[in-house]
Amino acid sequence: MRKLTDRKPTPPRPHTQAAQLGGSTPHESARLHVTGMAQYVDDTATPENLLYVATGQSIHAHAKVLAMDLSAVWASPGVVDVVVQADIPGKVDVAPVYSGDPLLAGDEVQYVGQPLFAVAATSMAAAQRAVKCAKVDYDVLPAVLEIEQALAQDSFVLPQHKLLMGDPDAAIDTAPHQISGEVYVRGQEHFYLEGQISQATPLEDGALHVLSSSQHPTEVQKLVAEVLDLPFHKVVAEVRRMGGGFGGKETQAAPLACLAALFAQRTGRPVRYRMPRHDDMVQTGKRHDFLNRYRVGFNDDGRLLGVDMTLAGKCGYSADLSDGIVDRAMFHADNAYYLNNASILGLRCKTHTVSNTAFRGFGGPKGVLAVECMMDDIARHLGKDPLDVRIENLYQPGRDETPYGQTIEQHQLPAIIEALEQSSNYRARRAEITAYNASHETTKRGLALTPVKFGISFTAKHLNQAGALLHLYTDGSMQISHGGTEMGQGLYSKIQTIVAHAFGQPLSQVAVVSTRTDKVPNTSPTAASSGTDLNGMAALNACEKIKADLRAFAVEHFQVAATEVQFLEGAVKLGAESMAFAEFIQLAYLNRVPLSATGFYRTPKINYDRASAKGRPFLYFANGAAVSEVIIDTETGEYRVTQVDVLHDVGSSLNPAIDIGQIEGGFVQGMGWLTSEELLWDDTGRVISNSPANYKIPTAHDVPVAFNVVLFDQANQEATVHRSKAVGEPPLMLAISVWAALRDACASVANYQISPRINAPATPEQVYWAVQQAKAFAAKGGAQ
Amino acid sequence: MRFWLNGKQTDVDGVAADITLLQHLRESRSSLGTKEGCASGDCGACTLLVSDDDGSYRSVNSCLMPLASVQGRQVLTVEGLAQAGELHPIQQAMIDTHASQCGFCTPGFAMSLAGANQHAVEGDGRAHILDAISGNLCRCTGYKPIVEAGLQVLPKPNPLPPAPACETRTAQPLPGYWQPTSETELRGLLEQYPDARLIAGGTDLMLEGTQQYRELRQLIDLSHIKSLTRIDSAGDTLCIGAAATYSAQEKALSALAPAYVSFLLRLGSRQIRNRGTLGGNICNASPIADTPPWLLVQEAELIIGKAGGGFRYERLEDFYVDYKKTTLAAGEYLADVRLSRARLKCPAKLYKVSKRFEDDISAVCGAFLINPNGQLRIAFGGMAAVPKRARATEAFINKQDWRNPEKWSAIIDQAAQYLAQDFTPMTDVRASSEYRAAMAHSLLRKACRALVVGDDVEVGIYA
Ligand SMILES: Cc1cc2nc3c(=O)[nH]c(=O)nc-3n(C[C@H](O)[C@H](O)[C@H](O)COP(=O)(O)OP(=O)(O)OC[C@H]3O[C@@H](n4cnc5c(N)ncnc54)[C@H](O)[C@@H]3O)c2cc1C
Ligand code: FES
Ligand code: FES
């Protein structure tokens, strides 16, 4: 007989004891992170013959390309290869859903920065210097750059979609009060710390291995194969970890992989394409700008009777994921509130700017911001505390139908808001702040409590599936692969916990290995907060399959009842007996029990009928609320967030430390979106916030000392993995409380009689102008 | 050239003068723990520690630091933090507080925090930690656990490995990179290499390479010339050497110029201030540089050295000719900046308005001072093509009874029209022209309120 291993797993120490659900164990890579040993794509060994890529970029927002002279590019030192669109052997279009994203532009360019040609050279600097040598003749065409312009010219990438409930027009017209409003919400640059990158290595027989920093390795595989005209089985895409993704690496990573692969195929050399930060900020899609308008009718209590909203998203030059993004904005234009009668129209505006893409929240935040803006406006109109108007309109049993026909079944928000109102001392602070504002002129304080209710599931139904592959080795250690990718959100840690827990083993027994398309095929992007919901269930399914075989074997071999076979506390319980796990696995192996299985999961219950705009697009909702307090300087508009209290629902937490990390991180990222991060273009269509020197994400100083995050402890009523809830995106929207608090402070300048307009982000400049509005109103004696 | 990398002597030749320390570590040393997030000094992913003359370590952005400049220094990277398999306490604390998510920013934070933890710290620990990581961005965590990790280790200083002794710092420098140790040597080099560029901290200059891919073939490093790094406050004049870093100024001037020193906390980040110099700020001639408005109201004088020998004096106000243009001729260099100590004691206010409190470039920066004759001096950055005194506004105000608590406010109301004469600011990514104009007026009002009635408001530092 071949020898089996006599390697013994390290004896259980406290932290190597059987994995617990709900334990705050560190991120599975934490030790690698802090020692600098965690490998990102740019840290892979650099072979001698590695080539580096850069692209030549359009300098016009919209133009015909008349001629390109690349002779000086070819002649530039270090250049090995140059490609234009005609050199692409397979498909040119790398669009994810619809069409219209050429890998390299042909005879027309549609945004400043669009790649026209690509260079492979012996160093990154050589490639970057070479692309600047091209001579391109353009015939400049008129460009649409702003949403307003697109609306005026009917410039859309896709048809509109509308949600309708009841008769909103009649309800508004007959309501005791009607108001209307508008808010412009700017987009956001992802600013993942690790820029976009991919490396392609040619293998034998025309095959390729592609390392990518991508949230969607399956799409990388598919697009590389299509571009190179290869069968999918010739391409393996692999992702171990990303240095941040936030949606920015869902579709935007693939073109880099395709160009690296194209050069690898042409030259037979390994090729790395890393975008310098400037190119990344110019050439890759961002969060959409939205222009939101509403008209609302309500009664004296502020109760909504009818709402008519138009949400217009700036999609850029192509569709990319914009259909789903604008849909999700529409699905969240109710946020936590029963609208009674509603019309929600979503427009997909085409502009000659980079194609906007997924960003944490995927459109949702723009819908939520619109309705929260409306809530404040109603409150000021009626002279009420905005919190009371919000509470008045929360979904309740009986007032539980969404504009898209899904019934809200779990009602956590009334309890969450009540608890937070108490714990944050909201009412007392409100009174104290109002008094402060009455006696101070150059500084004003603001307070706001806003909720979030976020729908969980991909709105594209087929994406709600996942696979996993589990191997159990004869020393008792395991490898788990799944379709999800790790971008810092702790997915690998949660999967590791789920698998280790399923076998009663310590975490150290389970290695979560890099996500590869040859391990688990046909996967969905890691997006829509669904990573753990989908892949965790698939991994659990694989565990259950192996456990079923092991249990059947034990029943026969040891003559015990199936219920007496248990994987607990590092060992296998067999009735009254207990056996070391590795020993049991070896025995199973000798008895020819399969020790490897695939797992699969598809989300139940969900459906959406686009024609009737009704259905149940979401399995469940994640909920939370935040109270933020700010102080502003009325003379400059500068401000500071002074306190934040959050209560957020993650179901039964799989790992509270990781979930709290997502909430804190999401909140601060949302705060950046709504305060200091201002995405700006000039009037020729050039992004002028094109560097971290002029695009400012929050620093540690911006985070208040008093930043209290508490988990709302309640199991998910839906049968998710161990009754947990998704947590990736929802907390971002909690930061709307900061924006609303800033507006509250500005409103105080006019004794809360008006809601001055503040677009997002509320930069000091925006706050300053809002204060001026309020001052002007107050100066006129407060009469409207 | 020779430097020490995590305790190991490292000899380098055949490398261009403008290769950054980060490029060298990642491309030639397989030292991959140090990350590149921006190559422009803004994100801190490339932060590492470099030993200084006093044997302690300073955090720097290795993406903007020429490799050649670490001649004779010890460079500590994240790989060198753990000793004999034992994590540095900050590394363990970062694990314990869940301070890493994607992990890409983590090495940079670990280095900044290890630097902040090398000596005992007095005073506000939290302020010390925030200062140390002011140049580190994290997009994942929201910073709270990182700050917590820093606070956990702070009570007990953790000394870093000793830097190499001075006498071992002999090696052939890289070709095209000179580190003169005297002004005489500097003048010789300026004569011999008229095309060479001067580099002090490199926090402006190196961007030409990392952002525009321009080659900087010949660099003369000013940071080893004692007469240029010195800060001398003996006598009636304060002389700040052009190559004195901000960190050195903070240390030397906290008693002499407290308003300036606390204002410096908003200039760049700790990493930038460890490298950036006053001379670089002045000679880079950016209209949004932060020190010139203050220097203008101090009526600072520049001492300019010449390749052929000798010096000339110039008032800072006369130094700026136009956008990014100065009177500095070929072969000239800024030697030091002179300030009157009497004027330093005058009541003064400094303000900076930007989108973000820390490490941001000013939309408008304003400096205000009542000079020994009781005259108000006003200067702004971000309001014109060069940093500029508000002459018409000054003239108007100084004719009024502006220090009268009953009258100052109405006078400031009227001053708006004079500001409009002095400045026609522009619109750009940082602010609109209207906002800039409004801010100039608001800052003037703030300053006068503070100077006249002592009521000072700055929400940024409100916590
Ligand atoms: C991330 C980041 C943030 C920043 N934030 C700020 C900020 O908030 N406020 C601000 O004002 N600036 C800021 N800066 C700009 C820069 O840090 C400062 O201007 C700094 O003072 C430049 O000094 P340096 O020694 O690094 O200059 P260097 O880059 O070494 O030199 C700059 C220029 O001046 C010339 N020069 C330098 N010294 C002399 C001399 N003695 N004589 C003649 N010429 C000389 C050089 O040849 C070069 O052309 C920032 C820069 C970065 C990268
Ligand atoms: S790489 Fe971002 S600061 Fe150096
Ligand atoms: S952990 Fe991802 S950027 Fe800090």
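Residues are numbered from 1 along each chain as its sequence is written, while chains are lettered from A and ligands numbered from 1 in the order in which they are written. In this predicted model, local features need pLDDT of at least 70 and side-chain atom pairs count only at pLDDT 80 or more, whereas totals for chains, interfaces and linings use all residues.

**View 1. The confidence of the prediction.** The model scores ipTM 0.97 and pTM 0.97. Chain B has a mean pLDDT of 95, and 98% of its residues reach 70 or more; pLDDT is the predictor's confidence in each residue, from 0 to 100.

**View 2. The surroundings of ligand 1.** Ligand 1 is surrounded by 33 residues, a residue being near a molecule if its C-beta atom, placed from the backbone, lies within 6 Å of it. The closest are B:G41, B:A200, B:G201, B:G280 and B:N281. In chain B, β7 (197-199), α11 (270-275), α12 (278-283) and β15 (332-340) each supply at least two residues of this shell, and α12(B) gives the most, with four. Helices (H or I, at least four residues) and strands (E, at least two) are DSSP runs, numbered from the N terminus. The shell comprises 15 nonpolar, 12 polar and six charged residues; Ala, Val, Leu, Ile, Met, Phe, Trp, Tyr, Cys and Pro count as nonpolar, Asp, Glu, Lys and Arg as charged, and the others, Gly among them, as polar.

**View 3. The eight-stranded sheet of chain A.** This open sheet has the order β3-β5-β1-β12-β9-β10-β11-β20, with mixed pairing; two strands pair if DSSP finds at least two bridges between them. Its edge strands are β3 (79-84) and β20 (515-516) of chain A, each pairing on one side only. Strand β1 (residues 51-57) of chain A pairs with β12(A) in the parallel sense over two bridges, and A:L51 has A:V271 as its bridge partner in β12(A). Helix α6 (residues 217-228) of chain A lies across β10, β11 (235-239) and β20 of chain A, running at about 150° to β11(A). Axes are lines fitted to C-alpha atoms, for helices over the stretch in contact, and angles run from 0 to 180 degrees between N-to-C directions; contact requires C-beta atoms, placed from the backbone, within 7 Å.

**View 4. Strand β9(A) and its partners.** Five of the six residues of β9 (residues 197-202) of chain A are buried, that is, 20 or more other C-beta atoms, placed from the backbone, lie within 10 Å of their own. Four bridges join β9(A) to the antiparallel strand β12 (residues 271-274) of chain A, where A:I197 stands opposite A:R274. Five bridges link β9(A) in the antiparallel sense to β10 (residues 208-212) of chain A, with A:L211 as the partner of A:Q199. The hairpin of β9(A) and β10(A) has five residues between the strands, and A:D205 in the turn has a positive phi of about 60°.

**View 5. The contact between the chains.** Here 68 residues of chain A are in contact with 63 residues of chain B. On the side of chain A that touches chain B, α17(A) gives the most, with seven residues. The residues of this side divide into 30 nonpolar, 24 polar and 14 charged.

Note on methods
A residue is buried if 20 or more other C-beta atoms lie within 10 Å of its own, exposed if 12 or fewer, and partly exposed in between; C-beta atoms are placed from the backbone. Two residues are in contact if their C-beta atoms, placed from the backbone, lie within 7 Å.
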